[in-house]
Amino acid sequence: MNWASWNDFLAMGGYSLYVWGSYGVTFGLMAAEIALLILRKRKTLEYLGRIRGSANQVAQ
Amino acid sequence: MAGRNWKSVNIHWFKYSSPQTFFPLATKLTPWFGGAAALLCAIGLYISFFVAPTDAQQGEAYRIIFIHVPAAWMSMFIYVVMAFWAGAGLVFNTRLSGMWASALAPSGALMTFIALWTGALWGRPTWGTWWVWDARLTSELILLFLYFGFMALQAAIDDPRRADKAGAVLALTGVVNIPIIYFSVQWWNTLHQGSSVSMKSAPTMAATMFAGMIVMALGFWMYSFAAALLRVRSIIIERERRSDWVAQYMRTLQ
């Protein structure tokens, strides 16, 4: 085990700004990308549902 | 011939080359790639922090390598894949190829940004500087500009088919940057270190560090694939919105 304690883990040998700044931004941006993509899909489907509203009945 | 069925096996090579047939496949694949990404990243992060030892020279700062190298590899790989499909769309006039290239661009741009960002955060404590205009860093920054240029060019053109073609020309022109990034540390005298990992010989780093890097690279690859699949599904619906199959698909959602 590399870390004597939770505090040691967070401190990263004094490099916490650099290491957590890297990991934090990386996974934060990845989470944001997924969230934005889910929102985009939802907005597109809502918009198409609205404008197609009556067209769906006609198509059947 | 009575009683015998000589019908041959028909392999539909291009079955999934239309937006309509690819869409359900993409829907099915996305959770698998997402799950693989989560699993591989979890394992990779465990190796990165709890298995790989502290570096003798750089202390804990070197752990940025487990993000930096996978992101850099993906930034280059995604660009080549994007340029390939953009080129295929240009040559064969296929809509889905262009859609897939457009879906890959933001994922590649994200990986490039992560590589540059984590590189700067790693460089500050180890080299003493956030940035230097050496060959590798500069060419990776140019890669980011190429991704942004591709996305901006496509956004600026109203007709999606023309946007595909214009983007494809830009993507293909920029492909030369990829070998430049890769060989920059050999061709020029750079602050960025040379490669410790090559196809020809054993890696010159500790086995646990190498393992962590590879697992994270696979995790990033699965993640990029999942994000691009998610994006291409939106792109397909947006661009094919007037077709019957999209109308039917939307009815199934209600």
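Me: Leaving aside its neighbours within four places in sequence, which residues is Ile181(B) in contact with?
Reply: This is a predicted model, so the contacts come from predicted positions. Ile181(B) is found in helix H6 of chain B, which covers residues 177-187. Once the neighbours within four places in sequence are left aside, the residues in contact with Ile181(B) are Met76(B), Arg136(B), Ser139(B), Glu140(B) and Leu143(B).

Me: Does Ile181(B) count as buried or exposed?
Reply: A residue is called buried when its relative accessible area is under 20%. Because the relative accessibility of Ile181(B) is 2%, this residue counts as buried.

Me: How far apart in space are Ile181(B) and Met76(B), C-alpha to C-alpha?
Reply: Along the sequence, Ile181(B) and Met76(B) are 105 residues apart. Even so, Met76(B) is among the residues in contact with Ile181(B), and the distance from C-alpha to C-alpha is 8.4 Å.

Me: What span does helix H2 of chain B reach from its first C-alpha to its last?
Reply: Helix H2 of chain B runs over residues 65-92, which makes 28 residues. At 1.5 Å a residue, a span of 40 Å is expected, and the helix comes close to that value. After H2(B) comes Asn93(B), whose phi is positive, near 55°. The span reached by the helix itself is 40 Å.

Me: Which residues have the most contacts inside the largest nonpolar core?
Reply: The largest nonpolar core has 78 residues. One of those with the most contacts inside it is Met82(B), which, not counting residues up to four places away in sequence, touches Ala101(B), Leu104(B), Ala105(B), Tyr147(B), Phe150(B) and Ala171(B).

Me: How much area do chain B and chain A bury between them?
Reply: The two chains meet through 48 residues of chain B and 32 residues of chain A. The size of an interface is often given as the accessible area lost when the parts come together. Of the area buried here, 70% is on carbon and sulfur atoms, and the total is about 3500 Å².

Me: Which side chain of chain A meets Glu238(B) in a salt bridge?
Reply: Across the interface of chain B and chain A, two salt bridges are found. Helices H1, H2, H3, H7 and H8 of chain B each supply at least two residues of the side that touches chain A. In the salt bridge of Glu238(B), with 2.9 Å from N to O, the side chain from chain A is that of Arg40(A).

Notes:
Residues numbered from 1 in each chain as written. Chains lettered and ligands numbered in written order. Predicted model: local features only at pLDDT ≥ 70, side-chain atom pairs only at ≥ 80, totals over all residues. Heavy atoms only, no water. Core = buried A, V, L, I, M, F, W, Y, C linked by side-chain atoms within 4.5 Å. Buried < 20%, exposed > 50% of the residue type's maximum accessible area, 1.4 Å probe, protein only. Contact = heavy atoms within 4.5 Å. Helix = DSSP H or I, 4+ residues; strand = E, 2+ residues; numbered from the N terminus. Expected span 1.5 Å × (residues − 1). Buried area = accessible area lost by both parts, 1.4 Å probe. Salt bridge = Lys/Arg side-chain N within 4 Å of Asp/Glu carboxyl O.
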